[in-house]
Amino acid sequence: MNKTIVTQVIPTIQGEGISVGTPVLLIRLGNCNLNCDFCDSKWANNLKITEVPQFDINNVSLPFILEEIDFENFIKYLKDNFLNKFEIRTILLTGGEPFLYKDFISKLVNYTDLKQITNIEIETNGTLLNNNDDYKMFNYCWGKIIQLNISPKLNPTYYKNEKIKDIKDIIEVFVSNEVKSLKTIIEKTPTEIIWKFVHSKEMEKDIINFIRSFNTMNHIYIMPLTPARANYTFEGNFISAFKTSCLETIDFCIKNGFTFSPREHIWLFNQTKRDEYIMGG
Ligand code: SF4
């Protein structure tokens, strides 16, 4: 079993997709099975368990390994520091790739004494939803609405896998996941699936091909690519390049009837960890 590395816990807002603007308690889990060049949470990836300090309940510092504390203590930490202080009804699990930690997700979703939480959103690249039993993670939600925000990555070089050579191979991964996991999750549990694609001009054909390969795909959002920060010394130039990226994405959406999703966090919380931008804290 993977040990769960928690790298960030902050009250903030959802930055993109169908629930953009919603107050959320963002919980970021470290490490990812992919390696995207535009990743804005690379700082949270490639963490080695041995480098994560011992958890101290009296002096919580991040990152920490969840299995070093009782799950009850983790929930107490969330309540004492955030959920009892803010009017937040949604937990947003992000990463890295949260489904590296299926046991943790199952525990959180099935936890009974978390009444102030009505929604749990999970940001995922979708590749690890590949098992016939995945739906069991969402068996007992206790009235909570679970929303999977799946953002497939369409560039084969991100996959760290020699077998993934082109878009056809990526589509095959997701068609297989649809059969083994996604259909059952939708059929057997009160879970919503939202699809999000990062747009660039080079990716347009692949996005359309990918979407056409699925019959059951609803709720499709297209998001602008983040320009590589390293290329911009001045914030204004970065924002200007991001605006150009947004406008190109909007053109693509209008032409093809897709819904544009802003990415508010990219220009609001532009630095690496964004801890200094805790809303209301
Ligand atoms: S899948 Fe997401 S978290 Fe993982 S490397 Fe890509 S952008 Fe980063």
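Tutor: Asn-177 belongs to helix H3, which covers residues 167-188; helices (H or I, at least four residues) and strands (E, at least two) are DSSP runs numbered from the N terminus. The model is a predicted one, in which local features need pLDDT of at least 70 and side-chain atom pairs count only at pLDDT 80 or more, while totals for chains, interfaces and linings use all residues. Residues are numbered from 1 along each chain as its sequence is written, and side-chain values use heavy atoms, with hydrogens and water left out.

Asn-177 counts as buried because its relative accessibility is 3%, where buried means under 20% relative accessible area, exposed over 50% and partly exposed in between (1.4 Å probe, protein chains only). Leaving aside residues up to four places away in sequence, Asn-177 touches Gly-126, Thr-127, Leu-128, Leu-129, Asn-130 and Leu-182, a contact being heavy atoms within 4.5 Å.

Around this residue, the protein has six helices and nine strands. Its radius of gyration, taken over C-alpha atoms, is 19 Å, close to the 19 Å that the globule rule (2.2 Å times the number of residues to the power 0.38) gives for 281 residues, so the protein is as compact as a globular protein of that length. The C-alpha trace spans about 50 × 45 × 35 Å along its principal axes, and 51% of the 281 residues are buried. Among contacts with a separation of 6 or more, 74% link residues 24 or more positions apart.

Another part to look at is the loop between strand E2 (23-29) and strand E3 (64-65), where Pro-63 is found; the peptide bond leading from Leu-62 to Pro-63 is cis, with omega near 0 degrees. Asn-31 is in the loop between E2 and E3 as well, and although it is a residue other than glycine, its phi is positive, near 80 degrees. Asn-31 is buried because its relative accessible area is 16%. Asp-40 also lies in the loop between E2 and E3, but it counts as partly exposed because its relative accessibility is 35%. Asp-40 touches His-265 and Ile-266, residues up to four places away in sequence not being counted, and although Asp-40 and Ile-266 are 226 residues apart in sequence, their C-alpha atoms are 8.6 Å apart in space.

The ligand is surrounded by Cys-32, Leu-34, Asn-35, Cys-36, Cys-39, Ser-41, Asn-45, Gly-96, Asn-125 and Lys-153, each with a heavy atom within 4 Å of it. One of these residues, Gly-96, lies in the loop between strand E4 (90-94) and helix H2 (102-110), and a cis peptide bond with omega of about 15 degrees joins Gly-95 to Gly-96.

The loop between strand E6 (145-150) and H3 leads back to the helix of the opening, and Lys-160 lies in that loop.
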